[in-house]
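Please have the sequence and the 3D view open as you read.

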Protein chains: 2
Amino acid sequence: MSGSGSQFKQAEHKLLVIPGPIEFSDPVLLANATPGTAHTSPAFIPVFGESLKLLRKVLESTEESGSQPILIAGSGTLGWDAVGANLIERGDEVVVLNTGYFGDSFAECLEVYGAKVNQVKAEVGGIPTDEAIISALASKPKLLTITHVDTSTGVLSPAEHIAKLVKQHSPDTLIALDAVCSVASEEIKFDAWGLDVVISATQKGLGVPPGLSVVLASKRAVETLEKRKTPVQSYYISWNKWIPIMKNYEAGKPSYFATPPVQLIYALNTALKSIASASIGQRIEAHRAASKYVKDELTSLGLEFVPKSRDIAANGMTAVKFPTGVTAPDVLPKLAERDIVVAAGLHKAIATEYFRIGHMGITAVNRERGDLEKVIKGIKEVLGKN
Amino acid sequence: MSGSGSQFKQAEHKLLVIPGPIEFSDPVLLANATPGTAHTSPAFIPVFGESLKLLRKVLESTEESGSQPILIAGSGTLGWDAVGANLIERGDEVVVLNTGYFGDSFAECLEVYGAKVNQVKAEVGGIPTDEAIISALASKPKLLTITHVDTSTGVLSPAEHIAKLVKQHSPDTLIALDAVCSVASEEIKFDAWGLDVVISATQKGLGVPPGLSVVLASKRAVETLEKRKTPVQSYYISWNKWIPIMKNYEAGKPSYFATPPVQLIYALNTALKSIASASIGQRIEAHRAASKYVKDELTSLGLEFVPKSRDIAANGMTAVKFPTGVTAPDVLPKLAERDIVVAAGLHKAIATEYFRIGHMGITAVNRERGDLEKVIKGIKEVLGKN
């Protein structure tokens, strides 16, 4: 039984297997209950500084590369605004590779900041073709965005391959990876792939309560900020305000712009230390194994997936179609009765045809919890396949 | 000893008496350790909805007034951007009443969103004169901002009186109250005073870990948003995005724009229920009594305050000058050795001349904790006055 023995377990707690928020470990929850602590205290400063360093490590970047981690109170969505407000000036061309709902929203956000957006849309469940990407790069856009895992479709974009296409066809184009649903669950090699911005949140692969915007910016992205001709289009998410603060915390010095979410940073620190205690590669492998187990079991039940093939399906979640004649009300409430919370469909074009299972963090890595066996057993029962 | 018996007490925890973050109660910390819960779950929706209603109540507003509470992941600073991005269009005139550091920053933020700012600056420790305010209102600005308690000076602005001046001399001017350091520690009557925006954060009077931006907008502020001729200048903090979400949560319906900080909202709900269980008036009185105790004791030691008189001094904090010949290194580290954390000076003009003591939340209300007696005893010892 998931969470049994947790000191924080509530009578009504159900196993949370949506594509975020996910189940959190007890040490992370305990850290989130850290007593009142000053954001400038000698106890907290090294915790913040270490978290910045560990974030770089989890994303396979190095201090020598000049990459800049930025942790700000906010949702994952705030990362889109950070990209728009800091890197876009009115009229800048941006290519948005769209693999679902979150591509539409990222594009809408960038347009608020004056971007001229060219969306390269894949079919539902697919990814943009190389030809379409290369064609969009012909105009040498300032920025190209990739939704690494679009939570609405469960599609995993081949970020390494796309980054290679960009380097080959428009090397000055900045690459922003929306990794809200992929950090610490899918492979990301920030330096090796030549990424410029990774944006994420804490409540998915990192396994920390929601409320913290997680960003890593390359040296090239920071230089783009420095070369702006017009002012940054935000106060709160201006990297000009935050970069000195992050550098100070990383150097062990107190610093203030806006009060950081101290307890969430303690929680993130706890999670990052746990993640970094093994190799990142091992963690990604654990997510691949969890994903294979879930997808193999669902396949054996005759179910099909939203992603058109296994090689473009996320490892941290599964978007699975209902069998013919079955709809969400036949499945989701009955799983909830069994203390299992999965998510309904989100992509407008197919919302009623599928549901979503998250398998990130401790659910994927600490298999002895039995979370995934419980989910599969529940689905079998509900579909009458046991 | 503060926090003794707390199930979350850490060996190194020191009594936190800065002007935020403050000491948090155990029930609030436990709520912040709520296990993974979906932001759309039947368990969470009523908690969010109730929190919105309770926020209105704490600010002495009513649903009938059409006021709109908005809770978003972010720091208190994000509230400034919310005002700027939603209510300001390029060229709009704004009067910023400046009683310290935070007035400068609010003005800078509004300028990012295109405001033409007229700052009415008080002398350090003072408030703007009525004449200066009336004169600034002559141009009928779109918005006037008040820093209710400027944490850098401990000055409490007479918000009710200023609001009356605005209603009298420029009734169409919107009134925004920066109440980051005053919600739930100073009197705020949103409807009766005719305020249009109150912005705040959780880590001060509300007694909840930092990471949540707290806003209440009047019907008139929402109508100003609706009448904009140019688009809202942000995606993440666009009230057009958030108001429907907040209305849905308040009506008990799931809704999604960006993932809310679920655990922080559980924590806020716990704090708001505790606050609302007594009368708001009683709570404010408790803060006044705590403030009087601290200020009387410090006065008896011959110390003087940054605010020029008691009637413009905050009740949730005290900005107190060092005696002649004494500086921060003589006091703050020695208090820390006694497990007492106060804050250094922040206002540039006088930063080395004073320090700051917070007395909000459980430190002020649950006097049986003995927090304030411990602080006064510590100060007496450090200054050799015992």
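## Helix α9 of chain A

A residue counts as buried when its relative accessible area is under 20%. This is a predicted model, and in its helix α9(A) the buried residues are A:Trp239, A:Trp242, A:Ile243, A:Ile245, A:Met246, A:Tyr249 and A:Glu250. Their packing partners, all in chain A, are the helices α2 (45-58), α3 and α8 (219-226), and the strands β2 (68-73), β9 (197-201) and β10 (212-217).

How far apart are the end C-alpha atoms of this helix? They are 15 Å apart, which agrees with the 16 Å that the 12 residues of α9 (residues 239-250) should span at 1.5 Å a residue. At the N-terminal end sits a cap, A:Ser238, with a side-chain oxygen 3.2 Å from the backbone nitrogen of A:Asn240. After the helix comes A:Gly252, which has a positive phi near 80 degrees.

## Enclosed cavities

The largest cavity has a volume of about 150 Å³. Its lining holds 15 residues, and A:Tyr256, B:Thr77, B:Phe102, B:Val180 and B:Lys204 are the closest to its centre. By class, that lining has seven nonpolar, six polar and two charged residues.

The second largest cavity, at about 50 Å³, is lined from both chains: Leu78, Asp81, Tyr113, Ser234, Tyr236 and Ile237 of chain A, and Leu78, Asp81, Tyr113, Ser234, Tyr236 and Ile237 of chain B. The lining comprises eight nonpolar, two polar and two charged residues.

The largest pocket has a volume of about 1100 Å³. Of its 50 lining residues, A:Ile18, B:Ala38, B:His39, B:Thr40 and B:Ser41 are the closest to its centre. Elements giving two or more residues to this lining include α4 (101-112) and α12 (328-337) of chain A, and α12(A) has the largest share, with three residues. The lining divides into 27 nonpolar, 17 polar and six charged residues.

The second largest pocket has a volume of about 880 Å³. Nearest its centre, among 37 lining residues, lie A:Ala38, A:Thr40, A:Ser41, B:Ile18 and B:Val341. Two or more residues come from each of α2 of chain A and α4 (101-112), α12 (328-337) and β13 (343-344) of chain B. Here α12(B) gives the most, with three residues, and the classes are 21 nonpolar, 12 polar and four charged.

Methods. Residues are numbered from 1 along each chain as its sequence is written. Chains are lettered from A and ligands numbered from 1 in the order in which they are written. This is a predicted model: local features need pLDDT of at least 70, side-chain atom pairs count only at pLDDT 80 or more; totals for chains, interfaces and linings use all residues. Side-chain values use heavy atoms; hydrogens and water are left out. On a 1 Å grid over the protein atoms alone, a cavity is a set of points where a 1.4 Å probe fits but cannot get out, and a pocket is an open set with protein on both sides within 12 Å along at least five of seven lines; lining residues have an atom within 4 Å of a point. Grid points are joined across faces, edges and corners, and a volume is the space filled by probe spheres set on the points. Ala, Val, Leu, Ile, Met, Phe, Trp, Tyr, Cys and Pro count as nonpolar, Asp, Glu, Lys and Arg as charged, and the others, Gly among them, as polar. Helices (H or I, at least four residues) and strands (E, at least two) are DSSP runs, numbered from the N terminus. The expected span of a helix is 1.5 Å times one less than its number of residues. Buried means under 20% relative accessible area, exposed over 50%, partly exposed in between (1.4 Å probe, protein chains only). Contact means heavy atoms within 4.5 Å. A polar contact is a pair of N or O atoms within 3.5 Å; within protein, one must be able to donate a hydrogen and the other to accept it, and residues adjacent in sequence count only if both atoms are side-chain atoms.
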